[in-house]
Amino acid sequence: MARVTGKYERTAVAGEEIRAFVPRPLPPADPPLSLDSDSMRLLGRADNELNRLSLASEMVPSVDWFIYGFVRKEAVISSQIEGTQATLVDLLRFEAQQDEDAAPNPEVQEVCNYLEALAYARSQLRRRDGLPISMRMLNGAHKRLMKGVRGSDKQPGQIRRSQNWIGGTRPGNAVFVPPPPSALNGILSDFEKYIHADDDLPPLVRAGLLHHQFETIHPYLDGNGRIGRLLVTLLLEQWDLLAQPLLYLSLFFKRNRDDYYRLLNAVRIEGDWESWVRFFVEGVATIAKEATDTARDLFALVSADRARALAAPASSVMAVRLFEALGQHPIVSIARVTELLDVTKPTATRAVNTLVDAGILTETTGRRRDRTYSYAAYLDRLRVGTELEG
């Protein structure tokens, strides 16, 4: 007999009767979640890969290089899953602009909002008087996520008060209808309790269960997918599985989108929590390994290029300072370098030219004026998986 993971509640929307799914509280029961030997081996692999990623971040001289890049990679990919047409390079080009008053295009703004939402939530976790992971914290992140972009008219930062749906043109022909708003208070209370409950299940498994439950509840009118993926990042940090947000798990979901949605539905329809957990844990193991390999590759590149910057015939203190700034400013202009280093334009130009001559920076515009320069080798490695699909 298949496990029952929820019930359907009949309700009416715009005069049309619909069946909204109301999930049972976590953890899975009747029967409890079963982790077979293959699942345990996969879980061990995922834990090992997370440990390797943590170790790799501790061994590099400046973990800020990787946090900056990996957080932006996750922000871009998570936004792309929701249809945002912005790449990592689009985001970095905007951040390279000197004019702080310049507004990004709407697509890039969505990614910037994701970064602000994550920064807010992580700051709450680190503050002694900050919020724990809770709906109140997620509401604050959601408010920042939706500010001034698509969906900004759909109650940012507030639990929905009307019915939403996934797929189809209306609830009546939707692929999936989440719980009715009248049921959300109780469901979300159970959701919060499970985040902080004592549970014998491994933390990675619990993170996978909570991500799925959040996606099923769909508590907001818009932005649920991004907040649901951000939740995983926060859980890994709160439970000391990863000290820094270096896991861009959205890349696994993007690559395996059909399986992702199929397995989400399999839990609701067939009670198959086990297949979902294996998929989620495999994603963590796969992306953690890739992130470790990328971090090591970037570290080797940065170390070699640092040596080239120091050995360049025209090397100077300012050229080296500029190189060290490239981790968080991989695309720059002369005006931006002037600001970053607090130097005159001629000094900034000499620093840039030194790194161009050393083969570290590449001019990207082909113009004679208002040129921009990129740390191309660094970006080529970092942006894998962030380009738009044809």
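**Helix packing and local geometry in the predicted model**

Met318, Arg321 and Leu322 of helix 12 are in contact with Val337, Leu340 and Leu341 of helix 13, contact being defined as heavy atoms within 4.5 Å. Helices (H or I, at least four residues) and strands (E, at least two) are DSSP runs, numbered from the N terminus. The structure is a predicted model, in which local features need pLDDT of at least 70 and side-chain atom pairs count only at pLDDT 80 or more, whereas totals for chains, interfaces and linings use all residues. Residues are numbered from 1 along each chain as its sequence is written, and side-chain values use heavy atoms, with hydrogens and water left out.

The axes of helix 12 and helix 13 (residues 334–341) are 11 Å apart, and the two helices pack at an angle of about 100°; axes are lines fitted to C-alpha atoms, for helices over the stretch in contact, and angles run from 0 to 180 degrees between N-to-C directions. Helix 12 is therefore roughly perpendicular to helix 13, on a scale where angles under 35 degrees count as roughly parallel, over 145 as roughly antiparallel, 65 to 115 as roughly perpendicular and the rest as oblique. By class, the residues of the contact of helix 12 with helix 13 comprise 5 nonpolar, no polar and 1 charged. In this classification Ala, Val, Leu, Ile, Met, Phe, Trp, Tyr, Cys and Pro count as nonpolar, Asp, Glu, Lys and Arg as charged, and the others, Gly among them, as polar.

Helix 12 (residues 317–325) also packs with helix 11 (residues 273–311), at an angle of about 165° and with the axes 9 Å apart. Helix 11 is thus roughly antiparallel to helix 12. On the helix 11 side, Val302, Asp305, Arg306, Ala309 and Leu310 take part, and they meet Val320, Phe323 and Glu324 of helix 12. The contact of helix 11 with helix 12 contains 5 nonpolar, no polar and 3 charged residues.

Helix 13 also contains Arg336, which is buried at a relative accessible area of 13%; buried means under 20% relative accessible area, exposed over 50%, and partly exposed in between (1.4 Å probe, protein chains only). Val332 is located in strand 3 (residues 331–333) and is buried, with 0% relative accessibility. In space, Val332 and Arg93 are 8.2 Å apart, C-alpha to C-alpha, while in sequence they are 239 residues apart.

Thr354 belongs to helix 14 (residues 345–357) and is buried at a relative accessible area of 6%. Its side chain reaches the backbone oxygen of Ala314 at 3.4 Å. Such a polar contact is a pair of N or O atoms within 3.5 Å; within protein, one must be able to donate a hydrogen and the other to accept it, and residues adjacent in sequence count only if both atoms are side-chain atoms. Not counting residues up to four places away in sequence, Thr354 touches Ala312, Ala314, Ser315 and Ala319.

A further side-chain to backbone pair involves Gln80, of which a polar side-chain atom lies 2.9 Å from the backbone oxygen of Ala86. Gln80 is part of helix 2 (residues 63–81) and is buried, its relative accessible area being 9%. Beyond four places in sequence, the contacts of Gln80 are Ala86, Thr87, Lys254, Gly385, Thr386, Glu387 and Leu388.

Most residues other than glycine have a negative phi, and most peptide bonds are trans. Asp342, although not a glycine, has a positive phi of about 55°; Asp342 lies in the loop between helix 13 and helix 14 and is exposed, at 71% relative accessibility. Gln155 likewise is not a glycine and has a positive phi of about 55°. Gln155 is placed in the loop between helix 5 (135–145) and helix 6 (184–195) and counts as buried, at 18% relative accessibility. A cis peptide bond, with omega of about 0°, joins Leu26 and Pro27, and a cis peptide bond with omega of about 0° joins Asp30 and Pro31. Pro27 lies in the loop between strand 2 (16–23) and helix 1 (37–59), and Pro31 is found in the loop between strand 2 and helix 1.
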